[in-house]
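Open the model in your viewer and keep the selection tool at hand. Each stop below says what to select, then what is there.

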Amino acid sequence: MPTGAGKSLCYRLPVLDALLRLGLDARALYLFPTKALAQDQLKGLTRLAAGHPDLMKVMTAGVYDGDTQATTRRR
């Protein structure tokens, strides 16, 4: 299937739905094989959630990899 065909929605939508239902009690962990893919998926997830103000209130997303600052790692 080509890039941009919507394949990522199959795992994004259930997580966003859980965030809406459970709020701050919801958790999800996505694992990606490359830093570039992780960054790209974070942008897509944030873009998708930005269309719903309630999601942005409860969603905290970030990337944890070898480039993550030491202060962020401790947090």
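**Stop 1: helix α2.** Select Ala38, Gln41, Gly44, Leu45 and Ala49, the buried residues of α2. Buried means under 20% relative accessible area, exposed over 50%, and partly exposed in between, with a 1.4 Å probe and protein chains only. These residues sit on the same side of α2 because they cover an arc of only 130° around its axis. The arc is taken from the directions that run from the helix axis to the C-beta atoms. This is a predicted model: local features need pLDDT of at least 70 and side-chain atom pairs count only at pLDDT 80 or more, while totals for chains, interfaces and linings use all residues. Residues are numbered from 1 along each chain as its sequence is written, and side-chain values use heavy atoms, with hydrogens and water left out.

Now turn to the other side of α2. Ala36, Lys43 and Arg47 are exposed there.

Select the whole of α2, residues 35–49. Helices are DSSP runs (H or I, at least four residues), numbered from the N terminus. At 1.5 Å a residue, its 15 residues should span 21 Å, and the end C-alpha atoms are 21 Å apart, which agrees. The expected span is 1.5 Å times one less than the number of residues.

Next, show α1 (9–22) and α3 (53–58). Both are among what covers the buried residues of α2.

**Stop 2: helix α1.** Which residues of α1 are buried? They are Arg12, Leu16, Ala18 and Leu19. Seen down the axis, they fall within an arc of 155°, so they line one face of α1. They pack against α2 and α3. Contact here means heavy atoms within 4.5 Å. On the face turned away, find the exposed residues Cys10 and Arg21. Step just past α1 to Gly23, which takes a positive phi of about 65°.

**Stop 3: the core.** Select Leu16, Ala18, Leu19, Ala26, Leu45, Ala49, Leu55 and Met59, the eight residues of the largest nonpolar core. Such a core is a set of buried Ala, Val, Leu, Ile, Met, Phe, Trp, Tyr and Cys residues joined through side-chain atoms within 4.5 Å. The largest share, three residues, comes from α1. Centre on Ala49. Leaving out residues up to four places away in sequence, Ala49 touches Leu16, Leu55, Met56 and Met59.

Notes: Helices (H or I, at least four residues) and strands (E, at least two) are DSSP runs, numbered from the N terminus.
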